[in-house]
Amino acid sequence: MKSNKPVLVVEDDVWTRLIGVVLDPSTSQERHDAFADFMSPDLPDFRGWCDKVQATAGRLYPSDVRLVSSKPELHSNLQSAEAIVTESLNIGREELALAPRLKVIHKYGTVLRNIDVPACEARSVKVLGVRRRANIACAEHAFALMLALVRKIEKLNGLISIDHLAAIHRPYIPFDRRHTPGANWGRFSGMRTLNGSTLGIIGLGEIGREIAIRANAFGMTLLYFQRTRLPPSEERILKTSYCSLESLLAESDVIIPQLPLDPSTLNFLNRERLALMKTGACIVNVSRAEVIDREAVLEALRSGHLGGFALDSLYEEPGRSDDELLSFDNVILTPHMAGSPRSNGLRDIKDLIGGLVNVLGAKP
């Protein structure tokens, strides 16, 4: 018997799997339980959250949610698809021709470069996007790490008394307050500001653009490099300048590699490229640790060439208590927290489902 359930073809991602958990009753109990456990630090009642989203889903509950991870899988499921949810899979004229029932394409993000929008308009297929709160959180975390490095927050935290200074073998020598201000009475050196410094972003995707927006607010000069240059109009909006990778590495005070991990980006920042950085520059990484050669980073820290290093997520999770990176006072490691809290991703998926409901109908 033919099913009347709407068919939603969804690019398989650890977060978009939630669409199936919420809308497709055939999703395994094992997956339900795994997500309930994953959400538990921030959402004890995951089942209740699912029930609330289902109650607003109209004819989309129940749906036939088909997770795909490749172009062939995508194509083989398009014949009956009413909706496509994509993050990186390309949707163009070929895909539209294979999907006669298609009404909406929802990007899991806002950058639509993998979707042929004019072709969709010609077919009256709605194109939607969602500004992901988890990406915003990652950008905020990048700035938290950046500020912690240049303002030396980790090093200065708690050093508020003469006894604290003595414990780190730093004598208290007061300034002559009859003539001078009294700030920095601990006489710490090496403080920097983000304002007026140069930030180099490698990869202006969803998170890279969120970082760029915030860099402008801090008054930073912004450089970027990626394989495909942005249109001039987008560069103007983001107030960023395109340059070669070599120039970015040589000119930036802080470098953020915002890259997906694949064979082409593994150890992308290697020994040779780190050597091109100006002495004292910092690296902040909230993408994947493996895009930076770990041994090259350790060498650059030991030599003093690298002025600071901040990382979330780690090379090994959970990390090791004897990790050499922990021995440097200009290194900050956080345990894969950039996108948190979980409510960011939950609200993103709820908004995405709501967008599909608006197009495909709120009622059966």
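Trainee: Does Cys120 count as buried or exposed, and at what relative accessibility?

Mentor: Cys120 counts as buried because its relative accessibility is 0%, where buried means under 20% relative accessible area, exposed over 50%, and partly exposed in between, with a 1.4 Å probe and protein chains only. This is a predicted model, in which local features need pLDDT of at least 70 and side-chain atom pairs count only at pLDDT 80 or more, whereas totals for chains, interfaces and linings use all residues. Residues are numbered from 1 along each chain as its sequence is written, and side-chain values use heavy atoms, with hydrogens and water left out.

Staying with the cysteines, the structure holds 0 disulfides, a disulfide being a pair of cysteine sulfur atoms within 2.5 Å. Cys243 is accordingly in no disulfide, and the nearest cysteine sulfur, that of Cys282, lies 18 Å away. Cys243 also counts as buried, because its relative accessibility is 12%.

Burial can be followed to Ser313 as well, which counts as buried because its relative accessibility is 3%. Ser313 sits in the loop between strand E11 (308-311) and strand E12 (331-333), strands (E) being DSSP runs of at least two residues and helices (H or I) of at least four, numbered from the N terminus. Leaving aside neighbours within four places in sequence, Ser313 is in contact (heavy atoms within 4.5 Å) with Ser287, Arg288, Ala289 and His336.
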